[in-house]
Amino acid sequence: MNSTEPQQAGAFPLPQLSKLAEAVAGLSPSELVWASGYLFGLAQAGGSLGVASSAAVASAAIASAPAGTLTILYGSQTGNAKGVAESIKALALGKGLQVQLLSMSDFKPKQLKKETHLIVVTSTLGEGEPPENAVDLHGQLKAGKIGKLEGLKFAVLGLGDSSYEFFCQSGKDFDAFLEKAGAERVVARADLDVDYRAAAAEWAEQAVSALAASLGGVGGGSAAPALAGVATAHSQYDKFNPYVATLTTNQKITGRDSTKDIRHIEISLEESGIHYQPGDALGIWFDNDAALVTEILTLTGLTGQEVVTVEGESLSLAEALTTRFELTRLHSGFISGLAEQSDAAELLALAADKAQTQQLAASAQVVDVLTRFPTTLSAEQLTQLLRPLTPRLYSIASSQAEVEEEVHLTVGVVRYPQADGTVRSGGASSFLADRLTDGAPVRVFVEHNDNFRLPADGNTPVIMVGPGTGIAPFRAFIQQRDADGASGKNWLIFGNPHFTQDFLYQVEWQKYVKSGLLSKIDLAFSRDQAHKIYVQDRIREQGAELYQWLEQGAHFYVCGDGNRMARDVQEALIEVIAQHGNMDREAAEEYLNELRRAKRYQRDVY
């Protein structure tokens, strides 16, 4: 519709809004708060002040500003720590505090010396490592490179899984590093397990209240609450409010003789309004297998008709086991808890050995323990031993620029062959592959991952290392580069056991090679020759050219297994940098750290 009136953005004509944006460009969060107070004073004075009055308003703005800013930093791999950090920000804003919330990868470590009040929320990866976006800050604090932090008041919240040996290790590390640097802890660190929501809310109230005592509020009508809306708006659907989508395609893309069962999954998001970017993940809520539920009921002497209460809702035990509790991921607490209910000497001895308990928890499921140690339980005893069901995250394998209101996944179906010939399956992967038919509903949400993104400049070259299902986000990357008409070079390094059985999306990659969009492809099929060849071997073989690409500004991406593959790839990359950059080991590691800080070295590992 045409109009003769000037275009508006709220109360502002757009030309004036542009001037305002230009005027505040580059201001720090604390400077923005001061400016908001100054502008508020101008508004109260009718918008027209002389020099003297303006100075008075400025003085008043300084006097009414908070004593400092509460900085909340999060280290998050799957989005849980980020979600908790966002909740803490909302709580602090509600108390009238000035808050800035940042991913650790968007925070300059040296800035810590200028901070006065800090909350750290972090998860932990596999063997006690920090999440990807926390690696640099963690490393600099560990090495003491930031220096003394006297005057900084802090609190640390760690999220983890007590089944793992290094439970909440990243949180413990940050807590110790900050204390060693001379910072003052205002509340005790919290180490929270997978069922963290209630405990996190309680801890947040304590931590924010303790920090607020020295921060002070900004009073009514301040700009602080408005800052809550600065973040980019995302979909109304999230982990706790998923969208009920529709499964449209479930296609096996490994060969008949492959040792792997990998599926290409397509899900319709039609009319959902959900948007995602290459690099994001899709969360899948799933139901447990009915046969598995029946087996567990039999082993515990229950019928499934018993009524249990879950989060205030009354359900039959069978329904609760199907939809509310984790059955395929075993945790050590189940083993020790079952031992307390059992008189089996072998189980009691096992539960007393922490190492054996953790080993069993990592290699078995709930039903396997019950099969080995059948124990009669009440419905309440059983549910108290179990953890709440959690969704699974899968790297998105499509770009909306190509597939529009769809989302594609590359799912490796988890199978556990047992000694007796039975096969156990992963909860979500078997749900998608075996138990959903075309047209069936599936509850989904997007987990945004701003730490795994294509470069903004389409001329920038990219190197993508993705063995197995790690290929998924790079299919999305190349679709996006194709749709954007990006001129930057693209290099894929892919590996799997066999060329004829396991070359995922082979026809598509060949099409991209033929068109010239995929500038270079290197393949590592580990079992197609006498000696095994992996992606890290191809990196070493192509070291000279790879280093040249890095020197030309290439971004380097890795997706896949974090325990072995990602470590081996990083080691190969450091060796390549050292050899072809004529550096020693320490210089090569710092080169890689600089790539990470510049977001040119990004990993999506699990």
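Is Lys599 buried, exposed or partly exposed? Lys599 turns out to be partly exposed, with a relative accessible area of 25%; here buried means under 20% relative accessible area, exposed over 50%, and partly exposed in between (1.4 Å probe, protein chains only). A quick note before the views: this is a predicted model, where local features need pLDDT of at least 70, side-chain atom pairs count only at pLDDT 80 or more, and totals for chains, interfaces and linings use all residues. Residues are numbered from 1 along each chain as its sequence is written, and side-chain values use heavy atoms, with hydrogens and water left out.

**View 1. The whole chain, to get your bearings.** The protein chain holds 23 helices and 23 strands; these are DSSP runs numbered from the N terminus, with helices being H or I of at least four residues and strands E of at least two. Of its 606 residues, 50% count as buried. Take the contacts (heavy atoms within 4.5 Å) with a separation of 6 or more: residues 24 or more positions apart account for 76% of them.

View 2. On a 1 Å grid over the protein atoms alone, a pocket is an open set of points where a 1.4 Å probe fits, with protein on both sides within 12 Å along at least five of seven lines; lining residues have an atom within 4 Å of a point. There are 28 lining residues here, and Val135, Gly139, Gln570, Asn593 and Arg596 lie nearest the centre. By class, the lining has 7 nonpolar, 7 polar and 14 charged residues.

View 3. Phe452 and Phe477 form a tilted pair, 5.6 Å centre to centre with 35° between the planes. Rings of Phe, Tyr and Trp (its six-membered ring) pair if their centres lie within 6.5 Å; planes under 30 degrees apart count as stacked, over 60 as edge-to-face and the rest as tilted. Phe452 sits in the loop between strand 18 (441-447) and strand 19 (462-465) and Phe477 in helix 17 (residues 472-484), so the pair ties together parts 25 residues apart in sequence. Both are buried, and together with Phe474 and Tyr557 they form one aromatic cluster.

**View 4. Asp482 and its partners.** Asp482 is found in helix 17 and is partly exposed, at 39% relative accessible area. Not counting residues up to four places away in sequence, Asp482 touches Tyr512 and Leu517.

**View 5. Two loop residues with positive phi.** Glu404 has a positive phi of about 55° although it is not a glycine. Its place is the loop between helix 15 (400-403) and strand 15 (406-412). Lys599, in the loop between helix 23 and strand 23 (601-605), has a phi near 60°.

How values were computed:
Nonpolar A, V, L, I, M, F, W, Y, C, P; charged D, E, K, R; others polar.
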